[in-house]
Amino acid sequence: MIQLTINNVQYDLWQSWSDIQLSHFVSYMQNIQPTEPQLLSDLIAKQQQEDKYFFDIATDVQNAQILPFIISKLAHFSTIPKEVLYETKLEHVFRLYLMLESGLSKFSYNEKFSNFKHENQVFYLPKKHMQDATVIEFIDAAQFQKQVEGLNAGQWECLPRVMCILCKKKKEKYIDHNRLWPMRETMFGRVTMDKALQVIFFLIKLSAKLSIRSQTYSVPTVLARQLAILKSTRNRTAGTA
């Protein structure tokens, strides 16, 4: 997290996945990311070719078209109000955006990731999943399929629910979907994204394995697409920090 001062007021800019809670990321994916203009992606791709910043390449008209999204994203991932950003110098807004993008491009999947600590509790990912013909496994499998289908449909609020199925405390076998899920789902919404992303990548890997054994499960295409976006962001922001 970076602290900065604008007009003698101190604000925080989140520049790491560990600064961002899952629920906040879900809100971004639902409400802000769909408004990203294709023009911005095109300009950022062009900046790599011309070795210039995208806002130096863009015309005044183009900058005016991409600014509402940039300001919305900055406001979402910082404590800076939109109205303050709109009154900030243009070049400073673009620099803040580059700082944000550069920070969020720094992530690597840990193949050995198997558990994480959250709110003084340790949660474990399954070593095997949905392989037994027990009632518990059947119920979990049905819920897993339902939530993954939701993710594939762009329903990012399903992600904490997937974590309710995958992430359990030691020796915990079953979560009462009616009684405990609401509390567990809210709690997982507070998990920081550095941990949630590891679970997302695990989910992609798990779903790929399950799809080999059965057509019931498929790789969560939305999550796989997000993986591609992360890799692309890492490449296009290299050297901009």
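**Briefing: a hairpin, a helix crossing and a nonpolar core**

Strands β1 (residues 2–6) and β2 (residues 9–13) run antiparallel to each other, paired over 5 bridges; strands count as paired if DSSP finds at least two bridges between them. This is a predicted model, so to speak of local features takes pLDDT of at least 70, side-chain atom pairs count only at pLDDT 80 or more, and totals for chains, interfaces and linings use all residues. Residues are numbered from 1 along each chain as its sequence is written, and side-chain values use heavy atoms, with hydrogens and water left out.

**The chain overall**

- The protein chain has 11 helices and 4 strands, taken as DSSP runs (helices H or I, at least four residues; strands E, at least two) and numbered from the N terminus.
- Of its 241 residues, 47% count as buried (buried is under 20% relative accessible area, exposed over 50%, partly exposed in between, with a 1.4 Å probe and protein chains only).
- Take the contacts between residues at least 6 apart in sequence: 67% of them join residues at least 24 apart (contact means heavy atoms within 4.5 Å).

**The β1–β2 hairpin**

- β1 and β2 make a hairpin with 2 residues between them, and L4 sits opposite Y11 in β2.
- N7 is in the loop between the two strands and has a positive phi of about 50° although it is not a glycine.
- N8 lies in the loop between β1 and β2 too, with a positive phi of about 70°, and it is not a glycine either.
- N7 counts as exposed because its relative accessibility is 62%; N8 counts as exposed at 77%.

**Where α2 crosses α4**

- Helix α2 (residues 38–50) and helix α4 (residues 60–76) have axes that come within 9 Å and cross at roughly 110°; axes are lines fitted to C-alpha atoms, for helices over the stretch in contact, and angles run from 0 to 180 degrees between N-to-C directions.
- That angle makes α2 roughly perpendicular to α4 (under 35 degrees is roughly parallel, over 145 roughly antiparallel, 65 to 115 roughly perpendicular, the rest oblique).
- On the α2 side the contact uses L39, L40 and L43, and on the α4 side Q62, Q65, I66, F69 and I70.
- Those residues split into 6 nonpolar, 2 polar and no charged (Ala, Val, Leu, Ile, Met, Phe, Trp, Tyr, Cys and Pro are nonpolar; Asp, Glu, Lys and Arg charged; the others, Gly among them, polar).
- N63 also lies in α4 and is buried, with a relative accessible area of 6%.
- Beyond its neighbours within four places in sequence, N63 is in contact with F55, A58 and F94.

**The core and its surroundings**

- The largest nonpolar core has 69 residues, and those with the most contacts inside it include F54, I70 and L74; such a core is a set of buried Ala, Val, Leu, Ile, Met, Phe, Trp, Tyr and Cys residues joined through side-chain atoms within 4.5 Å.
- Helix α10 (residues 193–213) gives the most to this core, with 9 residues.
- Not counting residues up to four places away in sequence, I70 touches L40, F54, V93, F94 and Y97.
- L96, in helix α6 (residues 90–104), is buried at a relative accessible area of 10%.
- Leaving aside neighbours within four places, L96 is in contact with L4, L13, L74, I80 and L85.
- The C-alpha atoms of L96 and L4 are 10.0 Å apart, although the two residues are 92 residues apart along the chain.
- Helix α8 (residues 158–166) is mostly covered, with 8 of its 9 residues buried, among them C158, P160 and L166.
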